[in-house]
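This report covers a two-chain model.

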Amino acid sequence: MNKTINQKAWLFVIPVFVLVAFNAAIPLMTVVNYSFQETFGNNVFAWEGTRWFKQILLSERFHAALGRQIAFTFIILLIQIPLGIGIALTMPKKGWGVPVCLILMSMPLLIPWNVVGAMWNIFALPDIGFLGYTLNAIGFDYNFTQQPGDAWFTTILMDVWHWTSLVVLLSYAGLNSIQPAYYQAAEIDGASRWATFRYIELPKMKKVLTLAILLRFMDSFMIYTEPFVLTGGGPGNTTAFLSIDLVKMALGQFDLGPAAAMSLIYFFIVLLVCWVFYNLMMKNEAQS
Amino acid sequence: MKKYKWLVPTLYIVFLMLPIYWLINMSFKTTTEIINTYSLWPQKFTTENYVKIFTDSTWYMGYVNSITYTVFNTILSVAAALPAAYAFSRYKFLGDKHLFFWLLTNRMAPPAVFALPFFQFYSSVNLFDTHIAVALSHCLFNIPLAVWILEGFMSAVPKELDETAYVDGYSFGRFFFKIFVPTIAAGIGITMFFCFMFSWVELLLAKTLTATAAKPIAATMTRTASTSGYELGLLAAAGTLTIIPGAIVIYFVKNYIAKGFAMGRV
């Protein structure tokens, strides 16, 4: 759509601008403030320059948390995106199955995050939970509160349970927007199932899939509540992802300076990746 | 191959329902039964967990608090986002692209980064432990989302609609509320659904900004778990009840969900 130039449009944006700035800019400035200073309470501050940033960037604890976070997000994307596409491809296109699938599949998305954690905790407990009990009954030595491998397995399974539906819904919407004529043409050409997917469905889903990857990246990179309730970051620190580690540092140990510096580095990483994705998305949109 | 296609979504739905079933199963058991026996359904069926929640004000007020700030946040986000989304979809103005990206970056900010400054900030303006504080803080991620979704819907409406209305002598206000808003009603419904959803499921900020008067149900659950031992049955019942508002909302917007996603803006 060709838009008209109108500087008065700013008036429409003011309420949003004020509300978001009030919520984002002021607290963010507090963080910036802490990140360069040492605090002694009672509003006494001493300038520290970039000391906290250096400390965080060089600390093994941060490297470990970042490494765990990247591994987690990578595994999540690797499982959820193909799985989501697969389920969307096999979902019914019309009839009573559509609302049933949509309603049941959206359910996990609307459960409060700590309830998701608590639910999976009860579900996975080795003595009284269905998952834990069954795994042990068929011969696995499974205990997610003791063994790091099991804790990772449970956390990833929980996230797959919680968020795959979002990828499914997005892919499903993308698939539905394909005109039947494309499929008819493919059939006339004698295209195989794989060719239809590769050259018709996948390109048509490009836009929604970029969005799905972006959303899943952001949310899995910021994950806090669910693993906190499920494992508390344990056993040891093996499932302490960036947010969990950050909250531990800020509210647990009250190391405000380093925590603020870590917040900014963390935010910067998320922003950088999202900026790349956003540009990709806008480029796609401009093409179509 | 085609014959067994239905198996994939069916298996997936079974996988989704299993933990939910387990939670409901637990909620009808007594805590002693949960700890001592493993069973696929309650041996001694009891509703005492639910009775406790509906008769104890610290429990049911948690639900009232959560719903209060969620509804307040939904209305606030959509009301503020409507004119902004209209401006983004119809006009070019100084810094519009940068402003749009800046708004989105707030959706990307990890809540853990903001928890502590939020606590200090809302305490200093005397809003700590109020529904307004939580509703306002959730605007941080809900307003960008609302603007983003609404802008998608509005851009799909041809500009000719606006122009015809002005030619017919409509003022901007009358056009906006009498013609434009009804046209994108489905989009507003979807937007409200997502605002409700993200405000309802968020806990970190809601917990940080409240103590007693506006404490969300999710926080009641975690705090009760640590103070009164581990009352699993009660916890399971409270968890089960948090699923219900979401399920009701999904039921009402089910026809719009797929449509909303199809606009490619969620």
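## Interface and packing

In this predicted model, 80 residues of chain B are in contact with 76 residues of chain A. Contact means that the C-beta atoms of two residues, placed from the backbone, lie within 7 Å. Helix H13 (residues 232–262) of chain B gives the largest share of the side of chain B that touches chain A, 16 residues. That side has 65 nonpolar, 10 polar and 5 charged residues. Ala, Val, Leu, Ile, Met, Phe, Trp, Tyr, Cys and Pro count as nonpolar, Asp, Glu, Lys and Arg as charged, and the others, Gly among them, as polar.

Local features need pLDDT of at least 70, side-chain atom pairs count only at pLDDT 80 or more, and totals for chains, interfaces and linings use all residues of the predicted model. Residues are numbered from 1 along each chain as its sequence is written, and chains are lettered from A and ligands numbered from 1 in the order in which they are written.

Strands also link the chains. Strand E1 (residues 4–5) of chain A pairs with strand E1 (residues 91–92) of chain B in the parallel sense, over 2 bridges. Pairing requires that DSSP finds at least two bridges between the strands. Ile5(A) has Lys92(B) as its bridge partner in E1(B). Helices (H or I, at least four residues) and strands (E, at least two) are DSSP runs, numbered from the N terminus.

Two helix pairs follow, both involving H4 (residues 57–90) of chain B.

| Helix pair | Angle between axes | Axis distance | Handedness |
|---|---|---|---|
| H4(B) and H7(B) | about 40° | 6 Å | right-handed |
| H1(A) and H4(B) | roughly 135° | within 8 Å | left-handed |

Axes are lines fitted to C-alpha atoms, for helices over the stretch in contact, and angles run from 0 to 180 degrees between N-to-C directions. A crossing is left-handed if the near helix is turned anticlockwise from the far one by less than a right angle, and right-handed if clockwise.

H4(B) and H7(B) are oblique to each other. Angles under 35 degrees count as roughly parallel, over 145 as roughly antiparallel, 65 to 115 as roughly perpendicular and the rest as oblique. The contact of H4(B) with H7(B) divides into 19 nonpolar, 9 polar and 1 charged residues.

On the H1(A) side the contact includes Phe12(A), Val16(A) and Leu19(A), and on the H4(B) side it includes Ala80(B), Pro83(B) and Tyr86(B). This contact has 12 nonpolar, no polar and no charged residues.

## Two buried residues in chain B

Gly62(B) sits in helix H4 of chain B. It is buried, with 25 other C-beta atoms within 10 Å. The cut-offs are 20 or more other C-beta atoms within 10 Å for buried, 12 or fewer for exposed, and partly exposed in between. Gly62(B) and Thr220(B) are 158 residues apart in sequence, yet 6.5 Å apart C-alpha to C-alpha. Not counting residues up to four places away in sequence, Gly62(B) touches Lys215(B), Pro216(B), Ile217(B) and Thr220(B).

Leu205(B) lies in helix H11 (residues 204–208) of chain B. Leu205(B) counts as buried because it has 24 C-beta neighbours inside 10 Å. A separation of 6.9 Å lies between the C-alpha atoms of Leu205(B) and Pro111(B), 94 residues apart along the chain.
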